[in-house]
Amino acid sequence: MKKIASFTVNHIKLQPGLYVSRKDKVGSETITTFDIRMTSPNEEPVMNTAEVHTIEHLGATFMRNHPQYGPLTVYFGPMGCRTGFYLLLAGDLTSQDVLPVVTEMFEFIRDFCGEIPGAHPQDCGNYLDQNLGMANYLAARYLDNVLYNISEDRLVYPE
């Protein structure tokens with residue numbers, strides 16, 4: 001079988017960043033998939049499922065309620081490798097285009113306190129697997145180490 005696009009990215013060179021993973025046509029619309037890479041693959045420990053789950057709940061809630069990007073949000077969720085998240089948005093977009101809203105989302109996650117949206121048995125299939133403190137910490141780390149001073153090499157996949 002042919003290797004899928006995400007498996008052709010050199011994960012040895014890949015560092016935390018905000019990358020366009022792919023662009024797909026659905027009818028006349030372009031769907032842009034963003035790779036929100038929070039940890040260095042195969043170098044750093046992966047994120048635990050509880051904090052990944054919390055970031056998913058908070059990030060998806062934030063994006064779907066955003067006044068500009070809410071109607072464009074197709075999906076926000078974790079990568080199976082637990083090194084980051086995928087964000088799918090309607091539109092032919094670049095990493096620079098979405099940097100402000102992704103920064104805003106991670107500030108929301110960093111600063112969030114209180115009841116995690118959707119963390120109830122009637123709302124979620126694994127509602128107890130949450131870690132808000134670690135989600136806050138990881139969001140702050142991603143903001144400080146990546147998003148606030150992002151360089152061009154962290155916006156485009158390495159060769």
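Me: Which cluster do ring pairs link together?
Reply: This is a predicted model, in which local features need pLDDT of at least 70, side-chain atom pairs count only at pLDDT 80 or more, and totals for chains, interfaces and linings use all residues. Residues are numbered from 1 along each chain as its sequence is written, and side-chain values use heavy atoms, with hydrogens and water left out. Rings of Phe, Tyr and Trp (its six-membered ring) pair if their centres lie within 6.5 Å, and planes under 30 degrees apart count as stacked, over 60 as edge-to-face and the rest as tilted. By that rule, the cluster linked by ring pairs consists of Phe-62, Phe-108 and Phe-112.

Me: How many aromatic pairs does a search of the whole structure find?
Reply: One of the pairs is formed by Phe-62 and Phe-108, which are tilted, at 5.3 Å centre to centre with 35° between the planes. This pair links distant parts of the chain, since Phe-62 belongs to helix H1 and Phe-108 to helix H2, 46 residues apart (helices, H or I, of at least four residues, and strands, E, of at least two, are DSSP runs numbered from the N terminus). Over the whole structure, the search finds five aromatic pairs.

Me: Is Phe-108 buried, partly exposed or exposed?
Reply: Buried means under 20% relative accessible area, exposed means over 50%, and partly exposed lies in between (1.4 Å probe, protein chains only). Phe-62, at 12% relative accessibility, counts as buried. Phe-108 has a relative accessible area of 29%, so this residue is partly exposed.

Me: What kind of aromatic pair do Phe-76 and Phe-85 form?
Reply: Phe-76 is buried, and Phe-85 is buried as well. Their rings lie 5.2 Å apart centre to centre, with 10° between the planes, and the pair is therefore classed by the cut-off of under 30 degrees as stacked.

Me: Which residues touch the most other members of the largest nonpolar core?
Reply: A nonpolar core is a set of buried Ala, Val, Leu, Ile, Met, Phe, Trp, Tyr and Cys residues joined through side-chain atoms within 4.5 Å. The largest such core has 36 residues, and those touching the most other members are Leu-18, Ile-36, Val-102 and Phe-106.

Me: Which element gives the largest share of this core?
Reply: The elements that give two or more residues to the core are strand E2 (29–37), helix H1 (49–65), strand E4 (84–90), helix H2 (95–111) and helix H3 (132–147). The largest share is eight residues, and the element it comes from is H3.

Me: Which residue forms a salt bridge with Asp-92?
Reply: A salt bridge is a side-chain nitrogen of Lys or Arg within 4 Å of a carboxyl oxygen of Asp or Glu. Asp-92 lies in the loop between E4 and H2 and its partner in strand E1 (residues 17–26), so the pair ties together parts that are 69 residues apart in sequence. Asp-92 is exposed, with a relative accessible area of 54%. The closest N and O atoms are 2.4 Å apart, and the partner is Lys-23.

Me: How far apart are the closest N and O atoms of Glu-44 and Arg-141?
Reply: Glu-44 sits in the loop between E2 and H1 and Arg-141 in helix H3, so that this pair links distant parts of the chain, 97 residues apart. Glu-44 is partly exposed at 26% relative accessibility, and Arg-141 is partly exposed with a relative accessible area of 26%. In their salt bridge, the distance between the closest N and O atoms is 2.2 Å.
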